[in-house]
Amino acid sequence: MTVVPRLVLSAPSSGHGKNALAIGLLAAFADRGLEVAGFKIGPDQVDAAYLGLASGRPGRILDPRLVGAERIAPLLLHGAGGTDLAVVQGSMGLYDSLTGRSETESTAAVATGLRSPVVLVVDVAAMGQSVAALVHGFRAYDEQLWIGGVILNRVASARHEALLREALDDIGIPVYGALRRQDLPSVLPSRRHGVVPVLEGAGEAARAVRRLGEAVTATVDLERLVGLARSAPALGVQPWSPQTTDEAAPALPAGAARPVVALLGGPGGSFSHAETAELLRAAGAEVTTLDPFADEVLPAGTRALVVGGALPESYAEQLSANRRLCIAVAELARTGRPVVAEGAGLLWLARELDGLPMCGVLDAIGSLRDGLVVGYREATAQGDSVVAVRGEVVTGHKEHRAVLTPRGGQRPAWSWPGGAPEGFIWRGVHASQLVPHWAAYPGIATRLVAAAAAEPATVPVGVGGGAPAGPAGVAPGDPAGAVASGPAAGQPD
């Protein structure tokens with residue numbers, strides 16, 4: 001039986017300040033010398049990155065839809081191994097879910113599965129004694145849920161705070177802190193920057209986390225919260241391990257050299273989920289980081305490249321400006337080495353994005369639109385690749401503004417109901433705007449490492465689902481540079 005002190009931080013709805021409070025709590029606990037770990041319910045890798053920055057170890061995703069409800073507790077135990085406390089930041093409102101499956105995918109469902117106390121963050125700026133009715137309703141709605149107390153946000157005055165505390169005391173709800181309206185300023189970098197400020201070690205991100213930690217230290221009873229977290233019972237499951245997955249057959253023959261697999265990222269981590277690197281290492285790879293903004297060449301000996309789904313779309317100019325790296329990536333793909341691109345990584349491999357030249361691995365053009373495509377997809381693999389075998393069904397998440405023309409290559413990556421085939425399979429390349437979580441599909445890492453260790457197969461001219469436009473988007477000059485055709489972009493997703 002494994003015991004990890006833990007709290008789930010939630011709210012009645014979005015906008016109550018739980019993100020800033022979760023980051024501040026982790027920073028405050030870490031400043032007191034506690035080893036802490038941060039987790040985000042749902043697919044949001046940006047929130048997870050800031051939780052990681054505050055805790056000093058990778059922030060991780062706990063998403064029942066992406067990894068399966070049965071993996072949530074094992075993943076938490078894995079990510080929080082050796083720590084004094086885990087803080088889990090909820091998504092949306094306590095009983096909400098992106099898909100309407102609140103009984104299995106809401107913050108409440110995850111907290112119940114984790115046998116974890118919930119601390120409800122409540123914005124009380126326009127509320128008095130009604131706060132007691134609100135919190136009582138959330139507590140009574142599900143008798144299996146353990147609401148351990150509340151933190152009040154945007155309190156107007158000392159008198160207002162006293163009134164709120166008295167009302168909550170009447171229903172037996174502990175108050176762990178009260179923050180004034182100015183205590184949680186909007187100090188985090190704009191979300192348009194995604195995880196980049198964290199990965200690049202930008203001072204703005206570190207200063208914001210420190211400021212939130214100071215605010216929480218001054219207003220929240222940290223000792224009582226630790227006591228609540230320590231009251232969480234043991235979880236009767238084993239920690240998740242990249243070494244013991246169902247598909248963890250050795251990717252390499254005995255005595256074989258460990259192939260170098262580059263993960264796109266920066267000094268603070270990669271654009272992939274934290275478990276991706278762990279799975280690759282367990283499968284036999286030597287994992288290294290490739291910074292698309294600072295590195296002009298691939299790491300020495302690179303035999304495969306993974307571009308994770310957290311790469312922001314808003315960095316097109318910086319990605320395009322690194323022409324030497326674009327050419328190196330195009331050459332890696334041309335020789336048949338495995339290249340997996342998720343999310344905006346697909347755009348980086350295209351010929352151009354909004355008129356800016358990209359890597360030119362795929363004969364496709366990207367353009368940014370005003371509308372946002374977001375949601376989960378149950379996708380069926382349309383061909384064999386290192387990511388999936390033909391016919392395999394994978395759950396992934398999409399969040400993007402950009403569209404690609406064509407939407408898919410001669411060998412598309414995926415299909416799903418209501419949309420035309422999407423993505424590209426070409427030689428060793430698998431590129432798609434769909435982002436799966438590799439912890440649910442450990443065979444991806446095993447196949448990729450095996451392919452990285454092997455010599456690339458010779459591919460006849462013109463064979464493949466998205467032949468390159470030539471290195472770094474130049475006019476086709478590569479002998480394999482047949483122009484791919486496919487459905488037009490902009491089809492319903």
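D354 sits in the loop between β13 (352–353) and β14 (356–357), strands here being DSSP runs of E, at least two residues long, and helices runs of H or I, at least four, both numbered from the N terminus. Although D354 is not a glycine, its phi is positive, about 50°. With a relative accessible area of 44%, D354 is partly exposed, that is, between buried (under 20%) and exposed (over 50%), using a 1.4 Å probe and protein chains only. The model is predicted, with local features needing pLDDT of at least 70 and side-chain atom pairs pLDDT 80 or more, while totals for chains, interfaces and linings use all residues. Residues are numbered from 1 along each chain as its sequence is written, and side-chain values use heavy atoms, leaving out hydrogens and water.

M92 is another non-glycine with a positive phi, this one about 55°. M92 belongs to the loop between β4 (85–89) and α5 (102–105), and at 26% relative accessibility it counts as partly exposed. As for the backbone elsewhere, T405 and P406 are joined by a cis peptide bond, with omega about 0°; P406 is part of the loop between β16 (393–405) and β17 (414–416). For context, most residues other than glycine have a negative phi, and most peptide bonds are trans.

Now for the packing. Setting aside neighbours within four places in sequence, W348 is in contact (heavy atoms within 4.5 Å) with residues including L264, P292, L305, M358 and C359.

Helices α7 (residues 130–141) and α8 (residues 158–170) pack at about 40°, their axes 8 Å apart; axes are lines fitted to C-alpha atoms over the stretch in contact, and angles run from 0 to 180 degrees between N-to-C directions. The pair is therefore oblique, the label left over once angles under 35 degrees (roughly parallel), over 145 (roughly antiparallel) and 65 to 115 (roughly perpendicular) are taken out. On the α7 side, V131, A132 and V135 meet L164, A167 and L168 of α8. That contact comprises 6 nonpolar residues, no polar and no charged.

Note on methods:
Nonpolar A, V, L, I, M, F, W, Y, C, P; charged D, E, K, R; others polar.
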